[in-house]
Every structure is written in structure tokens, then in C-alpha cells.
Amino acid sequence: MEIRSLVETAELGRGEEAPSLLLAGANKGKIIVQELFKDFDSLRVLDGIHLEVGEGEFLALVGPSGCGKSTLLRMLAGLMKPSGGRVLIDGEEVRGPSPSRNLVFQEHALYPWRTVSQNVALGLEIFRFPPAEIRRRVKELLALVGLEGFDDYYPHQISGGMRQRAALARVLAVDPDVLFLDEPFGALDAMTRLTLQKELLRLWDHSGKTVVLVTHDVEEALYLADRVAIMSAVPGRIREIIRVKDPRPRDRGSASLVSLKRTVLDLLGLEPKFSQTIPAI
Amino acid sequence: MAERTRAERALEPVGERGEDLGGGASPTSPTGKPPSAPGLRRLTAYGLAFLSILLGWQLASLFFPAYLIPTPTQVFLRLTRELGTRKFLFTIARSFVRLGIGFGIASLLGVVVGLASGVWGPFRRYSRALVSILQSIPPIAWVPLFIILLGFGDRPIILVIIISAFFPMAVSVMNAVEHVEPVHVDVARLMGASRLQLISKVYAPEVLPAIVTGGQVGFGNAWRSLIAAEMVGGVNIGLGWFITIAGEVADMAAVLAGIVVIGLFSAALDSWVLEHLKRRLLKWKYAV
Ligand SMILES: Nc1ncnc2c1ncn2[C@@H]1O[C@H](COP(=O)(O)OP(=O)(O)OP(=O)(O)O)[C@@H](O)[C@H]1O
Ligand SMILES: [Mg+2]
């Protein structure tokens, strides 16, 4: 609660000053990104990212294609080293992957040689849980994401939406307290996407997990997130952070969401490169 | 096809899905119990191939005297008689022991070297160079050297088999490791997998198809090298030896009997045993 109100106050500053205000406050942010740069050879992809995510917060990250969202997420997860700056999680600098934070990839990335239940069991096997315990937890998780009865199916035998559920279950199995989602529903049809958005909220609610979701879909961001960070085209910067105050479950058609959507689209629309890639909503 | 079944499944109640995996339309069930249509077609193809070989042989035997080319019937009679002797059975068994040991060691080494060089860059460059040099040498060319080093007997033959089966396996695995999906590796790294766990949980299963192909190619090489090495290796037991000494006394029926055994065994092993093993190991690929 305390953290929330802290973030709230910081939001008054809005945009790029907000993080520094927070830093001045206390070390309460679950994730703190300071002066983060990333270069690929001569190409600067991320240019001085400042960001702070509170404990238990749901943050959405939107921005034009290629602005470095996936790159940012990979650095937050410890899969990639920054060229400059640093990422702190729980006050400690991220230097590599850790089971306490996990990432769901743009494509499901399930192992095709493992069945659904074996895929979900992956992390538990790596943790060397006893087989009986693994079976029990996998069963629970499959029920949690609505995949009961599909234990023995291979990924190519289930639908795209089911694959994303399985990928989510695989990550939830190791119970990370920070969850990074890289366009997890990007490849799905509109209807499946709506369903999975609702389920994601259900799973996140009361879990206390901190979530950073990358998405192309502004409506998805506004429907799900506490705050939406809008990035500029490459080299990526956080150009604005908008708070969504509506209580959940939200009505996608409510006046406040519609007007927020216009604001976000406007912000994105300032980038001429992006005008074609905004999904028609 | 995949799209259709997916859509169908989405409409079915959950409880009924388990049994309906194969579906009515697809001939191969995941358990592979009933003889599937592709299997039957393959069997027919093999039957036809055998028939045409027999026919060619029969025709050839019409134009040559029996002491040069005996008829298939004569050879099969001879074969059944030989199969009744302990000596011939021991000779076959000995060949198989050599093959098994050599092929087993070669496969194991090939997988280990392939995985290691796939995972570790400097070692990969080194082993690629090494392989490209050594691979071009026909394994049988080593025989004289090995005989002098190891003496007559099983050991030089097994070593030749190892060399012949090792390269296809190592190269196949090496290439496959380079094509392992980076995101699959990332998933396991995010879970905190150790290097060894990365190999056992990601690399090894992902390159399993390549291990199977490498094994199939390696097995063919091993089999040919076995016979060749037994023919020139100065041993006094084994299928290759059997053919050689039969040739020395111009016993063409025995030569051909030996060749028939080689042909039948390798066809059976390659098309049946290895094929079954492949389907077993790559169950997920054949699941419809
Ligand atoms: N490993 C890499 N090596 C070189 N360049 C890279 C690498 N990864 C990403 N890039 C470049 O960095 C830029 C940002 O890529 P990134 O995948 O982070 O974008 P994104 O915002 O996630 O895009 P999208 O919305 O399309 O997924 C792109 O121009 C890309 O070409
Ligand atoms: Mg991306």
C-alpha cells in the first residue's frame, strides 16, 4: 500500500522526471532502472532509460516496433548485459538470470519435444523437486490456467492460446515474484486475446507479483496495467508514463479509458514511423 | 490438416479428447501398433526391391556356369546348411559383437564431442578443423597401421568401425547444436539451469533428431567398414573373413551366401530396428 502511494505521488511529476523523484524517496521500488543504455555495434537501441516499478505493480510498456522493448525486457531479466547504466531488483544489481524473475516470450517458446505437463514441469525439474511434488504442482498449474486434460499433448497439438497458457504456467510453476511478459498475446486472435487478458488479471490479482508487460496493443495496456510507459522510436526512451486509475475489472469502453487511449495514441502518433504500425482498434 | 484438427479439438468437450488423438483420418496412431499405411508401402517397396534383385541374379546365373554364379536356390540351400553349423553362427555373432562395440563407442564419442563443441566455441573451431582433415581418409586405410599397433584380432577392426561411425555422428550433432533455438536456451537459463542442465534439458533433446540421423549414417558406415576390415584385417572369424576365404577357394555359393546375410541383416537393421528406434525416440515428431 505504502509503495503504491509512493508511486502515486511520483506520478504527479509524470514522464521522465518521475523516476528520479522516486529515487530521492527511498529504495522502495521493486525494479529500478538507472541510466540504461544499449548499443548493438554502432546502433543505439536504448538511450538512457529511467524507470521504477513498485512492488506488486503491473506496468505496461508500449512503443513502436523495434524501439527496444524486448531488449529492455531481456536486460531486466538478466539475459543481456546493458552497455551502460544498471538495473536493480530488490536493491540488488541484476547480473544474470534468477529464478525469482522470469520472462514469457513473444512466441510461446515451449519445448516441442515435451508434452504440456512436461513443459510446465521444466523449472521444477531444474529445481530438483521430487517427482511426486512435480506431478502435484503441475496438475494444480494446469488447472489454474485452464489446461486440465491436456497434460499429454505436445505443443503442436494445441492451439496458440493454449500454448500461451502453457508458457505462462511453466513460468508460474517456479513462482517468480517478478514477471516479464513480452507481447505474450501478440500472435493470438482478438477473441483469445481478450480471454487471456482477463485470465492474466485473475492470476496476477492478489498474487503480489510485479509484472512488466510489453505490448503493441494500447487497449490491452490500459485494460491491464496500473501504469503505461510509452516509449519513443529507436533509440528508445521512456517518453511518458500514464497512470490508469480505473478500478478493475475495467470497462474497455468507459469514457476514461477511451480518452486515455486517445492520449496514448497521440503520444505514439507523434512518431511518424509508428503511424502505420498502430493496430487499428 | 493441423489447422483443421486444432479447430475440431477446440469444439470437443475436454473429457473426450484423450482417446481421440489419432483421429479417424490419420493412419499412424501415436502408439504405432496397427500396421500403418506408410509402413505397408515401405514393406511393399522392399519386397519389390528384393524380387528384382533375385530376378537379376537368376537371369545372370543362366548365362554363367554354376561354379561362377550359382542360382539363388543353390545359394539359399547352402545358406541354410551353413546356418546349421556352429562355426557360421559364431562368425556372424563375432561380427555383430565388433559392430556393436565399435558403433556404440563411436556414437557415444560423437554425441559428446558434438555437444561439447556446439556449446563451447573454441573447441568447435578446433574440432571442425580436425574433422575436416580426418574425415576425408577412408577408414579402411588405417587397417595396416592399426594392425601393427594393436596386433591382429578384434581391436584394429573395432577401431576402424569407431572411426567410420564417429564422424557422421559428431558432425551431425555439432551442426544441430548450432541451430538450437536460442530462446529455448534462454527459457532454461531463466529457470536457473546449470550448464549441465542446459545440456541435458535443452541441447540433448533438441539435437536428438540429429543424433538419430547421425546414428543412421554412422551405422551404414560402420557396417561397411566392419566387413571390409574383416576382409583385409587378417582375422580368422567374421562375415568378411568368411567371404574372403570362400573366394580364395573359389566357393562362389559361400561367397554369395555371405553377401546375402550381409544384405539381409543391414536391410533389416536399417529399415526396421533403426526406424523403430527413431519413432520411439522422436515420439513428439510423429504425434499427430
Ligand atoms: N541481438 C541483437 N543484435 C543486434 N541487433 C539487435 C539484437 N537484438 C535486437 N536488435 C536490434 O535492436 C532493435 C530493438 O529490438 P527489439 O527486439 O528490442 O525491439 P522491440 O521493441 O521489441 O520490437 P517489436 O515490437 O517488433 O518486438 C532493433 O532494431 C533490432 O534490430
Ligand atoms: Mg519485441
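Angles run from 0 to 180 degrees between N-to-C directions, and axes are lines fitted to C-alpha atoms, for helices over the stretch in contact. Helices (H or I, at least four residues) and strands (E, at least two) are DSSP runs, numbered from the N terminus.

The model is predicted: local features need pLDDT of at least 70, side-chain atom pairs count only at pLDDT 80 or more, and totals for chains, interfaces and linings use all residues. Residues are numbered from 1 along each chain as its sequence is written, chains are lettered from A and ligands numbered from 1 in the order in which they are written, and side-chain values use heavy atoms, with hydrogens and water left out.

In chain A, six strands form an open sheet of mixed pairing, ordered β6-β7-β8-β3-β9-β10. Two strands pair if DSSP finds at least two bridges between them. β6 (101-104) and β10 of chain A each have a single partner strand, so one side of each lacks a neighbour in the sheet. From one strand to the next, the twist averages 15°.

| Strand pair | Sense | Bridges | Bridge partners |
|---|---|---|---|
| β7(A) (residues 178-182) and β8(A) (residues 210-215) | parallel | five | A:V178 and A:T210 |
| β9(A) (residues 227-231) and β10(A) | antiparallel | five | A:M231 and A:I238 |

A hairpin of six residues joins β9(A) to β10(A).
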